[in-house]
Amino acid sequence: MKTKEVVDDITMNRAITRITYEIIERNKELNQVVLAGIKTRGVHLAHRIQKRLAQLEQIDLPVAEIDTKPFRDDKKSQEADTTLIPVDITDRQVILIDDVLYTGRTIRAAIDNLVSHGRPSRVSLAVLVDRGHRELPIRTDYIGKNIPTSRTEEIIVEMTETDGQDRILIKGE
């Protein structure tokens with residue numbers, strides 16, 4: 001199997017900045033927004049968006065860390081839920097953030113976890129990469145990159161926080 005870099009660090013940072021600007025444009029009451037990163041790379045993305053929002057709008061939004069493992073319907077896990085939500089999300093606008101959107105099952109699990117902690121006024125979705133192949137009726141509100149793939153290919157997001165560098169790879173035949 002060959003691996004090819006499809007997005008470099010500069011392009012990845014531009015995509016994150018674009019998502020941040022879209023969040024500013026679509027959320028008139030930014031102080032009501034909670035960024036909720038899906039572990040692991042979604043949390044890193046949420047913190048980067050939080051930092052850009054602080055630079056651009058001088059606002060410090062809370063970041064929640066959502067663990068989907070205990071809520072998956074396709075991979076049962078006996079692990080404890082490690083979700084961290086620093087504020088009450090009831091009646092807040094929550095933006096779920098993940099690195100790759102594929103079948104939609106991770107997002108469904110994240111929403112199940114989220115609503116077990118409160119009732120947001122709205123939940124929207126931001127992803128760095130939308131690769132297609134949905135199995136559930138999930139759609140993104142904020143997209144960094146659309147990268148169509150075949151089911152035999154894999155998207156690999158590398159981030160400095162966990163992998164030592166920023167880039168997006170496609171692995172396949």
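Leaving aside its neighbours within four places in sequence, with which residues is Thr20 in contact? I looked this up first, taking contact as heavy atoms within 4.5 Å. Thr20 touches Ile49, Arg52, Leu53 and Leu56. Thr20 itself lies in helix H1. Its relative accessibility is 0%, so Thr20 counts as buried. My cut-offs for that word: buried is under 20% relative accessible area, exposed is over 50%, and partly exposed is in between, with a 1.4 Å probe and protein chains only.

**Ground rules**

I am working on a predicted model, where local features need pLDDT of at least 70, side-chain atom pairs count only at pLDDT 80 or more, and totals for chains, interfaces and linings use all residues. Residues are numbered from 1 along each chain as its sequence is written, and side-chain values use heavy atoms, with hydrogens and water left out. Helices (H or I, at least four residues) and strands (E, at least two) are DSSP runs, numbered from the N terminus.

**Entry: the five-stranded sheet**

I traced an open sheet of five strands in the order S3-S2-S4-S5-S6, with parallel pairing. Two strands pair if DSSP finds at least two bridges between them. S3 and S6 are the edge strands, each pairing on one side only. Neighbouring strands are turned by 25° against each other on average, direction ignored. For angles, axes are lines fitted to C-alpha atoms, for helices over the stretch in contact, and values run from 0 to 180 degrees between N-to-C directions.

S2 and S4 run parallel and are joined by five bridges. Gly37 stands opposite Ile97 in S4.

Next, the helices on this sheet. H1 packs on the sheet and touches S4, S5 and S6. The direction of H1 makes about 155° with that of S6. H2 lies across S2, S3, S4 and S5, running at about 150° to S2.

I then listed the buried residues of H3: Arg105, Ile107, Ala109, Ala110, Asn113 and Leu114. Their cover includes S2, S3, S4 and S5.

**Entry: the three-stranded sheet**

A second look-up gave an open sheet of three strands, ordered S1-S8-S7, with antiparallel pairing. Its edge strands are S1 (2-7) and S7 (154-158), each pairing on one side only. The twist averages 30° from one strand to the next. S1 and S8 (residues 167-172) run antiparallel and are joined by five bridges. In S8, Gly172 is the bridge partner of Lys2. H1 (residues 9-26) turns up here too: it lies across S1, S7 and S8, at about 50° to S1.

Which residues lie closest to the centre of the largest pocket? I searched a 1 Å grid over the protein atoms alone; a pocket is an open set of points where a 1.4 Å probe fits, with protein on both sides within 12 Å along at least five of seven lines, and lining residues have an atom within 4 Å of a point. The largest pocket has a volume of about 710 Å³. A volume is the space filled by probe spheres set on the points, which are joined across faces, edges and corners. The lining has 29 residues, and Arg72, Asp98, Asp99, Val100 and Thr106 are the closest to the centre. Two or more lining residues come from each of H2 (41-57), S4 (93-101), H3 (105-115) and S7. By class, I get nine nonpolar, seven polar and 13 charged residues. Here Ala, Val, Leu, Ile, Met, Phe, Trp, Tyr, Cys and Pro count as nonpolar, Asp, Glu, Lys and Arg as charged, and the others, Gly among them, as polar.

The second largest pocket has a volume of about 210 Å³. It is lined by 14 residues, with Val123, Ser124, Leu125, Arg139 and Asp141 nearest its centre. H3 and S5 (122-130) each supply at least two of the lining residues. S5 gives the most, with four.

**Entry: backbone checks**

I found a cis peptide bond between Lys39 and Thr40, with omega about 10°. Thr40 lies in the loop between S2 (33-38) and H2.

Asp91 has a positive phi of about 65° although it is not a glycine. This residue, Asp91, lies in the loop between S3 (63-66) and S4. Asp91 counts as exposed because its relative accessibility is 56%.

His133 also has a positive phi, near 70°, and is a residue other than glycine. His133 lies in the loop between S5 and S6 (142-146). At 23% relative accessibility, His133 counts as partly exposed.
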